[in-house]
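Visitor: I am new here. Please take me close to one part and walk me through it slowly.

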Amino acid sequence: MRFSTYTTDGETFYGAITDAGAICLSPLFPEWPTLYDAVAANGLDTLSAAAEGRPVTHASFSYEMVLPNAPRILCVGVNFPDRNAEYKDGSAQPEYMSLFPRFASGFTGHDRPLIRPPENHTLDYEGEVAIIIGKEGRRIRAEDAYDHIAALTLCNEGTIRDWVRHAKFNVTQGKNWDRSGALGPWLVPFRNASQLDEARIITRVNGEVRQDDYLKRMMFPVREEIAYISTFMTLMPGDIIVTGTPTGAGARFDPPRYLKPGDVVEIEVDGIGVLRNGVEDEQ
C-alpha cells in the first residue's frame, strides 16, 4: 500500500495510490486532516484497511510533497565512503555523523519541477531514502531503531552548491531554497528490515545513471542514525530523516554537471518506487 498527498481541482487530499489512480481517504478521517496527522496517530494500518476494496476516486491529480506540513526534517551528510573520498582531504571516516535541517518549503512533489533560482545556478541533485518516524523515542538503542519507523519515501535533496560554501560550519542556506528538492511520491509502510538493509538506490539524469549504491554501505546505517539523533532529541511520529546520498552528485564531476532547465532527475529504489522531477527556472 502506498499513501500520498495530492491536489486535484484546487483541493488537497491524501489517499492510497494505485496503478489506476488515487483512492481518497482524507474525508473519512476528519480527526486526521493531513497525512502527517495520520502518521502521528500511528494510523497507516487504519488507512490501509480503509482503502481495501474502495474504488479509485481520482484518476488525474498532482502530487504534493508527501508530508507538506512535516515540522522536522533532518538530513545526514557525507554518509557513503566514496562521498567522503570525494572531498579529497585525506580524512578518514568521521567519528560522528554530519547533520543539518531542511524545511518542508524546500521540497516539492513527484513530477513537479525543481526550481533553479536566479541568484545562483549551481542546482545539484542528491538521491536518498528518507525514513518517517512512527513511534516516539528518546535514547533509542540501535537494535530497537527499526521499531520506530513507520514508512519510507524517496528524496531528491536538491542543493544550491555555491551557497553551502557561504559559511564555515553550516550548509543550511544552500539546502533550503524553495522547491529546490523533492520528497515522494508516496509513503510505503515499513514492514521488513530488508526494505532498508537490501535497498539499492539509483539516480538518473536524463536517463544517465549518476548514482548507484546500496544503503548497507553507508558509514552510519539507519539504525545508528536513529540511535544518535534520539540521544539529543526526542524523535516524534512524523519526523523525517533523510539518510544520505551516494557518490556521483553533479558537483563532483570535472567540470561540474549542475542541473539546468529541461533536465529530468529520477531517484529509484526497488520496493519504494521512482521519484521524478524536471527542472525549471524560477519565474
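Visitor: Let us look at strand β14. Which residue in β15 is the bridge partner of I201?

Guide: That partner is D213. First, some ground rules. The model is predicted, so local features need pLDDT of at least 70 and side-chain atom pairs count only at pLDDT 80 or more, while totals for chains, interfaces and linings use all residues. Residues are numbered from 1 along each chain as its sequence is written, and side-chain values use heavy atoms, with hydrogens and water left out.

Strands are DSSP runs of E, at least two residues long; helices are runs of H or I, at least four; both are numbered from the N terminus. Two strands pair if DSSP finds at least two bridges between them.

Now β14 itself, residues 200-205. Six bridges tie β14 to β15, residues 208-214, and the two run antiparallel. They form a hairpin with two residues between them. In that turn, N206 has a positive phi of about 55°. β14 also has five bridges to β17, residues 264-269, again antiparallel.

A 1 Å grid is laid over the protein atoms alone. A cavity is a set of points where a 1.4 Å probe fits but cannot get out. A pocket is an open set with protein on both sides within 12 Å along at least five of seven lines. Lining residues have an atom within 4 Å of a point. Points join across faces, edges and corners, and a volume is the space filled by probe spheres set on them.

One cavity reaches 30 Å³ or more. The lining of the largest cavity includes R72, L74, M233 and D239. β5 (73-77) and β16 (240-242) each give two or more residues to that lining.

The second largest pocket holds about 270 Å³. Its lining has 15 residues, with N42, I149, A150, F190 and R191 nearest the centre.

Last, the cysteines. There are zero disulfides, meaning pairs of cysteine sulfur atoms within 2.5 Å.
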